[in-house]
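Please look over the model below.

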Amino acid sequence: MSSSRVPRSSPSIVVNGITANSATITWTTNVPSSSQVVYDATSAYGLSSLTDPALATSHSVTLMGLSPATLYHYQVLSARYKQDKEFG
């Protein structure tokens, strides 16, 4: 796989749907790309959501199993890939 046009995230990354154990993070990109969030209670970002490989410009990831009353650090990740196919 080779990367094709780097997606840029919008400046408006929104966290909503916050409950005691979950939160939903939404963002947009300028080109269709995958969706993933890395997060942790420290800036080590040791946890990550599953990567949604579906290419989209509007992204939404719900983080589950969060600890109540805990501050989390997070980063959104989006990538666009062009699959090189070779026919024999």
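The report below goes from model confidence to single residues.

## Model and confidence

This is a predicted model, in which local features need pLDDT of at least 70, side-chain atom pairs count only at pLDDT 80 or more, and totals for chains, interfaces and linings use all residues. Residues are numbered from 1 along each chain as its sequence is written, and side-chain values use heavy atoms, with hydrogens and water left out.

The average pLDDT (the predictor's confidence in each residue, from 0 to 100) is 84 for the protein. A score of at least 70 is reached by 80% of the residues. Residues 84-88 have a pLDDT below 50. Beyond near neighbours in sequence, that stretch has 1 contact in the model (heavy atoms within 4.5 Å).

## Strand β3

Strand β3 spans residues 22-40 and holds Thr29. Strands are DSSP runs of E, at least two residues, numbered from the N terminus. Thr29 counts as buried because its relative accessibility is 10%. Buried means under 20% relative accessible area, exposed over 50%, and partly exposed in between, with a 1.4 Å probe and protein chains only.

The side chains of Thr29 and Ser33 make a polar contact of 3.2 Å. Such a contact is a pair of N or O atoms within 3.5 Å; within protein, one must be able to donate a hydrogen and the other to accept it, and residues adjacent in sequence count only if both atoms are side-chain atoms.

## Surface patch

Ile13, Val15, Ile18 and Tyr74 form a nonpolar surface patch. Together they have about 330 Å² of accessible area (Shrake-Rupley method, 1.4 Å probe; for residues, only the protein chains shown count as cover). Patch residues have over 30% relative accessible area and no salt bridge, and nonpolar side chains (Val, Leu, Ile, Met, Phe, Trp, Tyr) are joined within 5 Å. A salt bridge puts a side-chain nitrogen of Lys or Arg within 4 Å of a carboxyl oxygen of Asp or Glu.

Ile13 sits in the loop between β1 (2-3) and β2 (14-16). Ile13 is partly exposed, as its relative accessible area is 31%.

## Loops and backbone

Most residues other than glycine have a negative phi. Tyr45 has a positive phi, near 50°. Tyr45 lies between β3 and β4 (47-48). Ala69 also has a positive phi, about 55°. Its loop runs between β5 (52-64) and β6 (73-77). Ala69 is exposed, at 91% relative accessibility.

Ala41 is in the loop between β3 and β4. Ala41 and Leu71 are 30 residues apart along the chain, yet their C-alpha atoms are 6.0 Å apart. Leaving aside neighbours within four places in sequence, Ala41 contacts Thr70, Leu71, Tyr72 and His73.

Terms used: Helices (H or I, at least four residues) and strands (E, at least two) are DSSP runs, numbered from the N terminus. Patches are made of residues with over 30% relative accessible area and no salt bridge: like charges are joined within 9 Å, nonpolar side chains (Val, Leu, Ile, Met, Phe, Trp, Tyr) within 5 Å.
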